[in-house]
Amino acid sequence: MASVLFEGVLNRTFDISPTALLKNSIIKSKYFVTKVDNSKISASIAGMCGIIAYVGKENAMPYLLDGLKKLEYRGYDSSGIAVLSGEGDIDLQKCAGRLENLRRQIGELAHIGNCGISHTRWATHGEASDDNAHPHFDQSGKLVLVHNGVIENYQKIRDDLENKGHQFRSQTDSEVLSHLIGSAYDDKAGSNGNNNEEQLVAAVREALKQVTGTYGIAVMHVDAPGFLVGARLGSPLIVGLGKGENFLASDVSAVVAHTSDAIYLNDYDLVCLKGEEFKVERIDGGVADFQVSQVEFSAEDVELGDYPHYMLKEIYEQAESVENAFRGRLSDEEASAKLGGLQMTPQELRDVDRIVLVGCGTACHAAMAGEHLIEALARIPTEVEISSEFRYRNVPMDKNTLVFVISQSGETIDSLGALREAKRKGFRVLGIVNAVGSTIARESDGGAYMHCGPEIGVAATKSFTSQYTLLTLLALLLGRMRDMSVSDGQEILAEIRALPDKIREVLKLNDRIKEIALKYVDAPGMLYLGRQFNYSTALEGALKMKEISYIFASGHASAELKHGVIALVSEDLPSVFVAPEDSVFKKNMSSIEEVKARKGPVIAITTEGNDVLERIADDVIYVPKTIECLNPILSVIPLQLLSYHFAVARGCDVDKPRNLAKSVTVE
């Protein structure tokens with residue numbers, strides 16, 4: 001049993017027996033990690049959905065609707081709610097489309113019941129439709145289930161059940177699972193006396209033994225009122241512990257308004273919930289090791305406030321989120337950084353000969369910047385691996401290689417798979433994550449939390465700058481252990497501390513950036529170009545534009561322009577250059593001249609006081625001066641704002657872009 005301590009986390013633990021239901025009493029502090037058989041983790045299609053379930057003394061419906069609102073960023077193809085009424089009936093309402101459609105369908109109907117489950121869907125198996133929406137009944141109509149994940153062998157199970165007379169209403173693998181559990185429940189009738197709760201738990205165990213794939217489920221049965229069963233494998237599921245009420249959810253944001261105590265279930269955990277009681281076991285009946293974590297953000301943090309969109313709110317939170325990332329981690333005495341959560345001695349850090357940074361999407365772009373940072377400041381060979389590639393490649397790594405897995409949610413399935421693959425080969429794996437208690441945090445050998453607060457907008461913004469900040473601290477720490485001078489370390493510390501105020505200065509450019517966005521709102525696409533540290537900034541800017549505005553946008557190293565990219569330049573296609581006044585500024589100038597010679601419009605981001613670009617660029621955005629390695633933190637914010645205003649002007653839903661979910665928890 002490995003133990004983990006991430007920096008800056010309060011952990012609390014319940015002792016539990018495999019047979020007794022315990023009240024919510026905190027016994028002692030520890031942080032357990034349960035080992036998972038990586039060979040049994042598999043899935044098939046990308047996506048992420050939201051689950052919220054409630055059991056307690058109050059009417060479940062308001063809790064479920066509020067929770068779904070908090071989780072809609074995880075899936076918005078369809079949604080549904082099932083409430084077990086006091087009369088012993090399951091009232092189920094579901095429909096395709098956004099959550100507002102479900103609210104209208106429910107209307108003023110009195111859905112009274114103190115136990116219910118609900119779901120917001122991001123379609124995998126089967127199109128977005130009323131029938132494919134969750135929850136799903138079993139054959140008897142007495143059991144109802146919501147499911148995140150993918151059941152890979154669902155077709156075989158479905159064929160077997162159809163041969164037994166089962167009739168299905170949907171195309172989903174999830175309905176197959178509900179029928180499978182219901183069938184197992186009916187087969188076990190009477191085997192547990194009159195204890196329908198034990199019978200339901202036994203049925204869930206039996207059914208899950210037969211499935212291949214991933215799942216986070218919540219199950220409810222008419223015969224077991226006031227009782228919920230949840231289980232997890234590969235898809236996040238948390239237990240929220242309230243006073244006289246308990247919750248199941250796929251994200252703590254759905255329950256933080258009601259409790260700050262959460263259990264992040266491990267793979268192969270099964271939980272039973274009543275209003276006053278809970279029990280966590282392994283699916284095979286063994287003892288589960290778990291801890292209760294304090295949620296580190298409040299209900300107000302997940303509210304929109306006065307902002308029109310979460311994305312804009314989170315862009316504006318970056319002065320605070322960057323400061324949170326470095327707060328308490330700077331050492332003037334040593335002219336270095338402090339990252340105690342790495343759980344490595346100075347000698348162990350000195351012995352690192354190579355670093356591998358692993359991530360997906362925005363986290364991968366932060367990793368690419370981290371490669372430049374670590375090699376420039378610490379002189380340690382570093383490489384970046386896309387998580388989905390790393391987990392299936394046979395990457396040669398020597399014994400002194402240190403692996404970092406970077407993920408905002410801490411649940412990204414490909415990054416989790418990469419972590420497990422690296423650990424299986426015996427390497428030390430550290431995490432850089434935001435979500436306290438997440439799977440990557442628990443399974444890592446150590447790491448550092450970003451502390452940037454909840455990120456609700458699908459397009460990552462503040463997580464990128466927080467990840468970049470932590471990678472800067474890592475590079476500084478490693479550099480000072482090698483050949484970086486005290487004066488260089490002190491300069492970096494001073495510039496890190498100045499970042500929040502400089503970010504606030506950048507945010508004052510919002511109106512100017514909006515004007516630029518409106519000027520090019522009819523553009524069919526955009527090119528993004530940068531060099532060295534800002535190559536990854538260009539990639540991140542292009543990603544933001546394409547994912548929320550649906551136009552073609554591609555990021556490139558500036559010098560690659562003449563190696564093919566320049567063929568795309570035209571009067572209608574703007575090129576965005578990240579060209580601060582740095583060591584490669586003159587090289588960027590040459591690339592800009594090449595675009596202008598072909599009548600391509602240029603939007604340039606450069607340093608305050610550098611007016612050279614005024615004569616050639618069509619539009620110039622000035623950011624405060626900083627040291628070269630920190631410039632991406634300031635330069636990426638105008639790109640975030642540019643994509644935001646561009647997408648809003650085109651009528652796009654920036655918080656819930658089409659075909660995207662916030663975090664990918666199935667492959």
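A residue is called buried under 20% relative accessible area, exposed over 50% and partly exposed in between (1.4 Å probe, protein chains only). This is a predicted model: local features need pLDDT of at least 70, side-chain atom pairs count only at pLDDT 80 or more, and totals for chains, interfaces and linings use all residues. Residues are numbered from 1 along each chain as its sequence is written, and side-chain values use heavy atoms, with hydrogens and water left out.

**Salt bridges**

A salt bridge puts a side-chain nitrogen of Lys or Arg within 4 Å of a carboxyl oxygen of Asp or Glu. The whole structure holds 36 of them.

| Pair | N to O distance |
|---|---|
| E197 and K274 | 3.1 Å |
| E443 and R420 | 2.8 Å |
| D501 and R504 | 2.9 Å |

Helices (H or I, at least four residues) and strands (E, at least two) are DSSP runs, numbered from the N terminus. E197 lies in helix α5 (residues 196-208), and K274 sits 77 residues away in the loop between β15 (269-273) and β16 (278-282). E197 is partly exposed at 22% relative accessibility. K274 is partly exposed too, at 24%.

E443 and R420 form a salt bridge between helix α12 (residues 439-443) and helix α11 (residues 413-424), 23 residues apart. E443 is buried, at 10%. R420 is buried as well, at 5%.

D501 and R504 are three residues apart in helix α14 (residues 486-507), so about one helical turn separates them. R504 is partly exposed, at 32%.
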